[in-house]
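Please open the model in your viewer and keep the sequence panel beside it.

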Amino acid sequence: MRTTQLLRFDYVRPDGRLPEPHDADFTAPLQVEPHELVTWAGRWYLVAYVAAPGSWQIFRVDRIHPRPPTGACFPRRQLPEPDVARYVMTSWDRGDTPARWQCCGTALVDLPPDPVARWAPGGSVVEHVSPHQTRLTVGAWSWAGIAGLLATFDADITVLGPSELVDACRTLARRYSRATSADATTRYRPSGVSTGPWHGSA
């Protein structure tokens, strides 16, 4: 950031609405020390230090509703990680909301949230469940597409819903089972390829 002035803003809901004082999720305007802006997966993120509670946080820029400038300055701090882009990509709590897809499903992934956040497609929502398990909400143009994306994490998963995603995972499992069966592997044999032992010339 070019200036070192405190930033004061309201953080709007995922649907873009600003909570009112009588709403259960209403919070007072935030006052933060803005340090870096990072773009990733088509979205802008603000990396800022929040004096209360005294921690680094990541905010979606499109959810920031700015208040009038404070004019107060702050000294720059050492970032929580030298590679700020990697810090954003591997942080699960960055204010993401599900992108608008034709299909959207949720699953538990038996992996820590940091690697899931790093490799989840843009527009996914990564939620911390435990140090070894993450709730992932992801979208695609088809249910089979989501099932395929979940498989790329190479970890055990538990599909939470909807039922269309459960059915797609079952269909994909049956297809993979048929693809790796003994009948399938012997049914296709490229022409001109010998299946016997190879004897090289001395």
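A search of the whole structure finds eleven salt bridges, a salt bridge being a side-chain nitrogen of Lys or Arg within 4 Å of a carboxyl oxygen of Asp or Glu. This is a predicted model, in which local features need pLDDT of at least 70 and side-chain atom pairs count only at pLDDT 80 or more, while totals for chains, interfaces and linings use all residues. Residues are numbered from 1 along each chain as its sequence is written, and side-chain values use heavy atoms, with hydrogens and water left out.

Select Arg-67 and Asp-10, which form a salt bridge whose closest N and O atoms are 2.6 Å apart. Arg-67 lies in the loop between strand 5 (64–66) and helix 1 (84–89) and Asp-10 in strand 1, so the pair ties together parts that are 57 residues apart in sequence; helices (H or I, at least four residues) and strands (E, at least two) are DSSP runs, numbered from the N terminus. Asp-10 is buried, with a relative accessible area of 7%, whereas Arg-67 is partly exposed at 34%; buried means under 20% relative accessible area, exposed over 50%, and partly exposed in between (1.4 Å probe, protein chains only).

Next select Glu-36 and Arg-76, a salt bridge with its closest N and O atoms 3.3 Å apart. This pair also links distant parts of the chain, with Glu-36 in strand 2 and Arg-76 in the loop between strand 5 and helix 1, 40 residues apart. Glu-36 is partly exposed, with a relative accessible area of 21%, and Arg-76 is partly exposed at 39%.

Then select Arg-94 and Asp-96, whose closest N and O atoms are 2.7 Å apart in a salt bridge, and note that both residues are buried.

## Aromatic rings

Rings of Phe, Tyr and Trp (its six-membered ring) pair if their centres lie within 6.5 Å, with planes under 30 degrees apart counted as stacked, over 60 as edge-to-face and the rest as tilted. By this rule the count comes to five aromatic pairs. Select Phe-9 and Phe-59: their ring centres are 5.3 Å apart and their planes stand at 80 degrees, so the pair is edge-to-face. Because Phe-9 lies in strand 1 (residues 7–11) and Phe-59 in strand 4 (residues 55–60), the pair ties together parts that are 50 residues apart in sequence. Phe-9 is buried, with a relative accessible area of 0%, and Phe-59 counts as buried at 3%.

## Around Arg-13

Move to Arg-13, in the loop between strand 1 and strand 2, which is buried with a relative accessible area of 16%. Which residues does Arg-13 touch, not counting residues up to four places away in sequence? They are Pro-19, Asp-23, Asp-25 and Arg-63, where contact means heavy atoms within 4.5 Å. The C-alpha atoms of Arg-13 and Asp-25, twelve residues apart along the chain, are separated by 9.0 Å.
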